[in-house]
Amino acid sequence: MIKIKSKNDEYNLFDKLSKEWWDENGKFRVLHKIRPLRMKYILEQFGQNTIKNLQILDIGCGGGLISESLSKLGGDVTGIDFVESNIQVAKIHSK
């Protein structure tokens, strides 16, 4: 079990793990497995058939798993995260 004592500890942990966001068998594999459920829930909350051109803010986006999925459905997505390396991973993967 990982104990996080401060914001610096949390930052350092996610900075260290940032390269694993898109490894479906890595530390974030559970998030990959539940992504379809998360997407279904999120889309239900929008209450409409399409998200094309809808402006969406993903706060705490990590490596962009959900941001990228929403973008592929036509959403105008902005992802923010306090760990800069997470944002860089998301940008690289989106290309």
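A salt bridge is a side-chain nitrogen of Lys or Arg within 4 Å of a carboxyl oxygen of Asp or Glu. The legends below apply this term and others to a predicted model, in which local features need pLDDT of at least 70, side-chain atom pairs count only at pLDDT 80 or more, and totals for chains, interfaces and linings use all residues. Residues are numbered from 1 along each chain as its sequence is written, and side-chain values use heavy atoms, with hydrogens and water left out.

**Figure 1. Salt bridge between Glu-44 and Lys-40 in helix H2.** The side chains of Lys-40 and Glu-44 form a salt bridge, with 3.8 Å from N to O. Both residues belong to helix H2 and stand 4 residues apart, about one turn of the helix. Helices (H or I, at least four residues) and strands (E, at least two) are DSSP runs, numbered from the N terminus. Lys-40 is exposed, with a relative accessible area of 53%, whereas Glu-44 is partly exposed at 48%. Here buried means under 20% relative accessible area, exposed over 50%, and partly exposed in between (1.4 Å probe, protein chains only). Side chains of opposite charge can pair when their charged atoms come close.

**Figure 2. Salt bridge between Lys-72 and Glu-68 in helix H3.** A salt bridge joins the side chains of Glu-68 and Lys-72, at 3.5 Å from N to O. Helix H3 covers residues 65-72 and holds both partners, 4 residues apart, about one turn of the helix. Glu-68 counts as buried, at 13% relative accessibility, while Lys-72 is exposed at 66%. In total, the count comes to 2 salt bridges.

Figure 3. Lys-16, Lys-27, Arg-29 and Lys-33 form a positive surface patch. Patches are made of residues with over 30% relative accessible area and no salt bridge; like charges are joined within 9 Å, and nonpolar side chains (Val, Leu, Ile, Met, Phe, Trp, Tyr) within 5 Å. Lys and Arg count as positive and Asp and Glu as negative, while His and the chain ends are not counted. Lys-33 is located in helix H2, which comprises residues 29-46. This lysine, Lys-33, is exposed, with a relative accessible area of 66%.

Figure 4. Val-30, Ile-34 and Leu-37 make a nonpolar surface patch of about 280 Å². Accessible areas come from the Shrake-Rupley method with a 1.4 Å probe; for residues, only the protein chains shown count as cover. Val-30 lies in helix H2 and counts as exposed, at 53% relative accessibility.

**Figure 5. Surroundings of His-32.** His-32 is placed in helix H2 and is buried, with a relative accessible area of 9%. Leaving aside residues up to four places away in sequence, His-32 touches Trp-21, Trp-22, Asp-23, Glu-24 and Leu-65. Contact means heavy atoms within 4.5 Å.

**Figure 6. The chain as the setting of the close-up views.** The chain contains 4 helices and 2 strands, which follow the pattern α-α-β-α-β-α along the sequence. Its C-alpha trace spans about 40 × 25 × 20 Å along the principal axes. Of the 95 residues in the chain, 33% are buried. The chain exposes about 7,000 Å², of which carbon and sulfur atoms supply 52%. Among the contacts with a separation of 6 or more, 44% are between residues 24 or more positions apart.

Notes. The place of a charge is taken as NZ of Lys, CZ of Arg, CG of Asp or CD of Glu.
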